[in-house]
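Student: I have a new structure to look at, and I would like to learn how to read it one feature at a time. Could you guide me?

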Amino acid sequence: MVELTDQRLDAASAFGNVLQRTEPRASKVHYDGAMHEIVVNLTNGSTFRFPPKLVQGLESASAGQLSDVEILGAGYGLHWESLNVDFTVPGLLAGIFGTKSYLAKLAGQARSPAKALASKANGMKGGRPRKIASV
């Protein structure tokens with residue numbers, strides 16, 4: 001039993017070492033107030049920047065709250081204690097800025113002058129046509 005546990009620990013440690021070398025990890029993070037962006041320096045030397053207004057839980061945070069960010073798990077995650085917000089670095093790099101329902105709601109709130117004109121014109125015609133049930 002002890003031998004099996006040792007084998008599993010060794011395998012988990014080896015897998016962790018592979019992930020440490022291959023997955024993007026944060027080496028530094030800070031809030032750039034002038035640009036209104038979170039700046040993440042990665043262990044591979046590259047930098048990733050994103051506006052907090054896109055991120056669930058950060059969209060209405062103050063500059064002080066945004067500046068209070070820490071790196072978790074050997075660079076795997078970012079944590080804002082005062083906001084109780086956590087994100088993985090690979091997730092942020094993949095553009096995952098919130099839950100699926102949050103992102104869907106955010107996408108549905110898109111507004112533009114063209115959309116406003118189309119909505120007004122549609123309203124003048126009596127609104128959306130009723131859906132006809134297909135048989």
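Student: Let me start with H79. Is H79 buried or exposed?

Tutor: The general idea is that buried means under 20% relative accessible area, exposed means over 50%, and partly exposed lies in between, with a 1.4 Å probe and protein chains only. H79 has a relative accessible area of 9%, so H79 is buried. Before we go on, please note that this is a predicted model, in which local features need pLDDT of at least 70 and side-chain atom pairs count only at pLDDT 80 or more, while totals for chains, interfaces and linings use all residues. Residues are numbered from 1 along each chain as its sequence is written, and side-chain values use heavy atoms, with hydrogens and water left out.

Student: Where is H79 found, and which residues is H79 in contact with?

Tutor: Helices (H or I, at least four residues) and strands (E, at least two) are DSSP runs, numbered from the N terminus. H79 sits in strand 5, which covers residues 77–80. Contact means heavy atoms within 4.5 Å. Leaving aside neighbours within four places in sequence, H79 is in contact with D68, V69, E70, L72, V85 and D86.

Student: What joins the side chains of H79 and E81?

Tutor: A polar contact is a pair of N or O atoms within 3.5 Å; within protein, one must be able to donate a hydrogen and the other to accept it, and residues adjacent in sequence count only if both atoms are side-chain atoms. The side chains of H79 and E81 make such a polar contact at 2.7 Å.

Student: Now R25, please. Is R25 buried or exposed?

Tutor: R25 is buried, as its relative accessible area is 7%. You will find R25 in the loop between helix 1 (2–22) and strand 1 (26–32). Not counting residues up to four places away in sequence, R25 touches L19, Q20, N41, L42, T43, G73, A74, G75 and Y76.

Student: What about T88?

Tutor: T88 belongs to strand 6 and is partly exposed, at 31% relative accessibility. T88 touches Y76 and G77, not counting residues up to four places away in sequence. The T88 side chain also reaches the backbone nitrogen of G91 at 3.0 Å.

Student: And how should I read S46?

Tutor: Begin with its place: S46 lies in the loop between strand 2 and strand 3 (47–50). At 30% relative accessibility, S46 is partly exposed. Its contacts, apart from neighbours within four places in sequence, are with V40 and N41, and a polar contact of 2.6 Å joins the side chains of S46 and N44. For a view across the chain, S46 and K125 are 79 residues apart in sequence and 53 Å apart in space, C-alpha to C-alpha.

Student: How many helices and strands are in the protein chain?

Tutor: The protein chain has five helices and six strands. Along the sequence they follow the pattern α-β-β-β-α-β-β-β-α-α-α.

Student: How does the radius of gyration of the protein chain read beside a compact globule?

Tutor: The radius of gyration is taken over C-alpha atoms, and the globule rule is 2.2 Å times the number of residues to the power 0.38. For a compact globule of 135 residues the radius would be near 14 Å, but the protein chain has 22 Å. The C-alpha trace spans about 75 × 50 × 25 Å along its principal axes.
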